[in-house]
Amino acid sequence: EEAAFEPKVTGSASRTWSPRSSSGDVSTDRTDADAGVSALLPPGTSVSVGTTARWADESSATLTASVTQPLLRGAFPAVNLVRVRQARIDRFVSRHELTAYTATLLADVEIAYWDTYLAGEQLAITRESLALAERQLEEIRARVAVGRLAEIELAAGQAEVASRREALLTAEGRFETA
């Protein structure tokens, strides 16, 4: 939006040339060039300066300058700078939106990290509890073999191992999901 108030430079050049024909017509050799600078100022003033030059049989040059100031519409800087101010506000808002998005992304990443860490710790605990249940089942089997426990106690130990294996599968799934 600030570019609307930057100076604009224009220019062009052309050359026309034709040789004499065999019938003796006059040849044409002419060069035209023009250049200018124009700008719109914040108060609404339009300023331009330009020059035109022609080189032919006779050379000529013209310099023009103009200043235009609107009296009503667009005559004050506040009116003409509205779009520039709006663009600055939009940029300010965009920066804060980016900051908020970045903060949210970082928080989400941190939460995901800790969720994964927790799932890993729970998986390790579940593996240890399965190993403990398997050791207890072996102890029950040994006691049943020597007659110190009834065979019915084996069912409880096997149920506990099965329960721990199921918990291990659930914990592995949670870890993979995390």
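## Strands 3 and 4

Nine bridges join strand 3 to strand 4, and the two strands run antiparallel. This description, like everything that follows, concerns a predicted model. Strand 3 and strand 4 form a hairpin, with four residues lying between them. Across this pairing, G50 stands opposite T64 in strand 4.

## Residues beside the strands

T45 is found in the loop between strand 2 and strand 3. Is T45 buried or exposed? Its relative accessibility is 12%, and since the cut-off for burial is under 20%, T45 counts as buried. When neighbours within four places in sequence are left aside, T45 is in contact with A39, L40, V67, T68 and Q69.

E6 and A39 are 33 residues apart in sequence, while their C-alpha atoms are 6.2 Å apart in space. E6 has a relative accessible area of 46% and is therefore partly exposed.

## Helix 3 and its packing

Helix 3 (residues 152-177) has 26 residues, which at 1.5 Å a residue should span 38 Å; the end C-alpha atoms are 39 Å apart, and the two values therefore agree. The buried residues of helix 3 are L154, G157, V161, L168 and A171. Which element do these buried residues of helix 3 pack against? They pack against helix 2 (82-146).

Not counting residues up to four places away in sequence, A133 touches E160, V161 and R164. E160 lies in helix 3, and at 31% relative accessibility E160 counts as partly exposed. E160 and E134 are 26 residues apart in sequence, and the distance between them, C-alpha to C-alpha, is 8.6 Å.

## The largest nonpolar core

The largest nonpolar core has 10 residues in all, namely L123, L130, A133, L137, I140, V144, L154, V161, L168 and A171. The elements that give two or more residues to this core are helix 2 and helix 3. Helix 2 gives the most, with six residues. In soluble globular proteins, nonpolar side chains tend to be buried together.

L154, V161, L168 and A171 are among the buried residues of helix 3, and A133, another member of the core, is the residue that touches E160, V161 and R164.

## Aromatic pairs in helix 2

The count of aromatic pairs comes to three. Y113 and Y117 form a stacked pair, with 6.4 Å from centre to centre and 20 degrees between the planes. Because Y113 and Y117 are four residues apart in helix 2, they are separated by about one helical turn. With a relative accessible area of 48%, Y113 is partly exposed, and Y117, with a relative accessible area of 43%, is likewise partly exposed.

The rings of W114 and Y117 have their centres 5.5 Å apart and their planes at 85 degrees, so this pair is edge-to-face. W114 and Y117 are three residues apart in helix 2 and are therefore also separated by about one helical turn. An α-helix has 3.6 residues a turn, so residues three or four places apart point the same way. W114 is partly exposed, with a relative accessible area of 46%. Taken together, ring pairs link Y113, W114 and Y117 into a cluster.

Definitions and conventions:
Residues are numbered from 1 along each chain as its sequence is written. This is a predicted model: local features need pLDDT of at least 70, side-chain atom pairs count only at pLDDT 80 or more; totals for chains, interfaces and linings use all residues. Side-chain values use heavy atoms; hydrogens and water are left out. The expected span of a helix is 1.5 Å times one less than its number of residues. Buried means under 20% relative accessible area, exposed over 50%, partly exposed in between (1.4 Å probe, protein chains only). Contact means heavy atoms within 4.5 Å. Two strands pair if DSSP finds at least two bridges between them. Rings of Phe, Tyr and Trp (its six-membered ring) pair if their centres lie within 6.5 Å; planes under 30 degrees apart count as stacked, over 60 as edge-to-face and the rest as tilted. A nonpolar core is a set of buried Ala, Val, Leu, Ile, Met, Phe, Trp, Tyr and Cys residues joined through side-chain atoms within 4.5 Å.
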